[in-house]
Amino acid sequence: MIVLGLLAGTVGMDNLTGAYRFTFGIRDLFDGIGFVPVAMGMFGIGEILAATEETLVHEFYKPRLRELLPNKHEFRASIGPILRGSGLGFFVGLLPGSAHVLSSFLSYIVEKRLSKKPEEFGTGRIEGVAGPETANNAATGGAMVPFLALGIPTGPAIAVMMVALLIHGVRPGPLFISEQPQLFWSLIASLYIGNIILVALNLPLVGLFVNLLRVPFEFSFPSFSWSA
């Protein structure tokens with residue numbers, strides 16, 4: 001994949017000589033292969049093709065709001081996994097690659113090894129849910145550190161965010177905080193606001209989201225694919 005990325009990076013105008021390489025007279029390739037089209041092709045089209053093979057019939061359960069809140073026993077049992085998942089997910093998020101996936105699996109393995117009843121994992125134990133989910137979210141925060149400090153994206157979502165900043169003439173890196181302090185703190189504030197809004201929307205509107213899944217697949221899939 002590294003060699004393939006280097007080959008794709010040779011397309012476009014050379015920065016030193018100004019010569020066009022592998023453009024074949026196509027003007028859209030003069031500036032090189034854009035990241036956004038590649039990302040949309042790899043992730044978007046891939047998901048659409050995978051969804052066309054969906055033949056399973058799902059049964060949906062519409063929970064109540066109070067059923068989504070943890071009870072006292074679940075809350076006490078999830079404190080340890082949440083703390084461990086937060087630390088593990090943050091440090092894994094510093095590494096390049098699919099950190100959110102890796103952190104979730106590592107947290108699940110850690111909680112299973114620390115549990116007194118590891119044979120019950122896979123049956124819905126709160127430790128096996130709270131830990132990986134916390135690690136998944138913490139990996140996003142950890143990925144922001146090399147992105148904002150060094151300008152190095154560690155995952156697809158961060159890479160798309162970097163492209164959006166570059167389009168507006170903002171280059172993440174060591175000078176990003178000093179040159180763009182207002183944008184930096186606005187980005188940090190948006191992370192907190194986004195989590196608050198996420199909780200405020202997900203819990204009360206979970207019934208509405210479940211009802212959307214009741215739409216037949218042959219109608220929902222073309223509609224969502226076209227809107228995307």
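**Exercise 1.** Does S115 count as buried or exposed, and what is its relative accessibility?

*Solution.* The model is predicted.
Step 1: locate the residue. S115 sits in the loop between α5 (99-114) and α6.
Step 2: apply the cut-off. Buried means under 20% relative accessible area. S115 has 17% relative accessibility and therefore counts as buried.
Step 3: list its surroundings. Leaving aside neighbours within four places in sequence, S115 is in contact with F121 and R125. Its side chain also reaches the backbone nitrogen of K117, at 3.1 Å.

**Exercise 2.** Find which residues make up the largest nonpolar core, and which elements give two or more residues to this core.

*Solution.* 
Step 1: name the members. The core has 11 residues in all: A143, M144, F147, L148, I158, M162, L165, V170, F176, F184 and L187.
Step 2: assign them to elements. Two or more residues come from each of α6 (127-150), α7 (156-167) and α9 (181-202). With 4 residues, α6 gives the largest share.
Step 3: look at one member. Apart from neighbours within four places in sequence, M144 is in contact with I158, M161, L187 and L191.

**Exercise 3.** Describe the nonpolar surface patch that includes F209, and classify F209 by accessibility.

*Solution.* 
Step 1: list the patch. I193, I197, L201, L205, L208, F209 and L212 form it, and together they have about 610 Å² of accessible area.
Step 2: identify the elements. At least two patch residues come from α9, and at least two from α10 (206-212). F209 lies in helix α10.
Step 3: classify F209. The relative accessibility of F209 is 36%, so F209 counts as partly exposed.

Conventions:
Residues numbered from 1 in each chain as written. Predicted model: local features only at pLDDT ≥ 70, side-chain atom pairs only at ≥ 80, totals over all residues. Heavy atoms only, no water. Core = buried A, V, L, I, M, F, W, Y, C linked by side-chain atoms within 4.5 Å. Buried < 20%, exposed > 50% of the residue type's maximum accessible area, 1.4 Å probe, protein only. Contact = heavy atoms within 4.5 Å. Patch = residues over 30% accessible without salt bridge, like charges linked within 9 Å, V, L, I, M, F, W, Y side chains within 5 Å. Areas by Shrake-Rupley, 256 points an atom, 1.4 Å probe, with all protein chains shown as cover. Salt bridge = Lys/Arg side-chain N within 4 Å of Asp/Glu carboxyl O. Polar contact = N/O pair within 3.5 Å; in protein donor to acceptor, adjacent residues only side chain to side chain.
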